[in-house]
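Welcome, and please open the model in your viewer. We will go from stop to stop, selecting a few residues each time.

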Amino acid sequence: MSGITDAVMALEADWPAWQIWVVPRVTGGILWCARLWAGGDDASHTLNAGSPEELAAMIEAAPGEGFMP
């Protein structure tokens, strides 16, 4: 699990305006998730990806990516 924790910490360091977390899938694997800290509880603004690299690309392409709370 430390590799996952390290990846989450790296994403948080690269994208400080985003809350990053992972969800273990029942069938195996990890779902990588992110949302802007100022986004509140609106799940429609949550990004979900299959890998930390995919999540980083989605964050970079997301509107408001540069927003700092």
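Which residues are exposed on the other side of helix 2? Select Glu53 and Ala61: both are exposed there, where exposed means over 50% relative accessible area, buried under 20% and partly exposed in between, with a 1.4 Å probe and protein chains only.

**Before you go on**

This is a predicted model, in which local features need pLDDT of at least 70 and side-chain atom pairs count only at pLDDT 80 or more, while totals for chains, interfaces and linings use all residues. Residues are numbered from 1 along each chain as its sequence is written, and side-chain values use heavy atoms, with hydrogens and water left out.

**Stop 1: the whole protein**

The elements follow one another as α-β-β-β-α, giving two helices and three strands. Helices (H or I, at least four residues) and strands (E, at least two) are DSSP runs, numbered from the N terminus. Of the 69 residues, 30% count as buried.

**Stop 2**

Zoom in on strand 1 and strand 2, which run antiparallel and are joined by seven bridges. Val22 has Trp32 of strand 2 as its bridge partner, and Gln19 has Arg35 of strand 2. Their hairpin has five residues between the strands, and in it Gly28 takes a positive phi near 105°.

On to the other pair: strand 2 (residues 30–36) and strand 3 are antiparallel over three bridges. Here Ala34 stands opposite Leu47, and Cys33 stands opposite Asn48.

**Stop 3**

Why is strand 2 largely enclosed by the rest of the structure? It is because five of its seven residues are buried. Select Ile30, which belongs to strand 2 but is partly exposed, with a relative accessible area of 21%. Ile30 touches Ile4, Val22, Val23, Pro24, Arg25, Ala49 and Gly50, leaving aside residues up to four places away in sequence; a contact means heavy atoms within 4.5 Å.

Next, select Asn48 in strand 3. Asn48 is partly exposed, at 39% relative accessible area. Apart from residues up to four places away in sequence, Asn48 touches Leu31, Trp32, Cys33 and Met58.

**Stop 2: back to helix 2**

Within helix 2, Pro52, Leu55, Ala56 and Ile59 are buried. They cover an arc of only 100° around the axis, so they sit on the same side of helix 2; the arc is that of the directions from the helix axis to the C-beta atoms. The buried residues of helix 2 pack against helix 1, strand 1, strand 2 and strand 3.

**Stop 3: the core**

Finally, show side chains for Leu11, Trp18, Ile20, Trp32, Leu55 and Ile59. These have the most contacts inside the largest nonpolar core, which has 16 residues. Such a core is a set of buried Ala, Val, Leu, Ile, Met, Phe, Trp, Tyr and Cys residues joined through side-chain atoms within 4.5 Å. Helix 1 (2–14), strand 1, strand 2, strand 3 and helix 2 each supply at least two residues of this core.

Key. Pairing = 2+ DSSP bridges.
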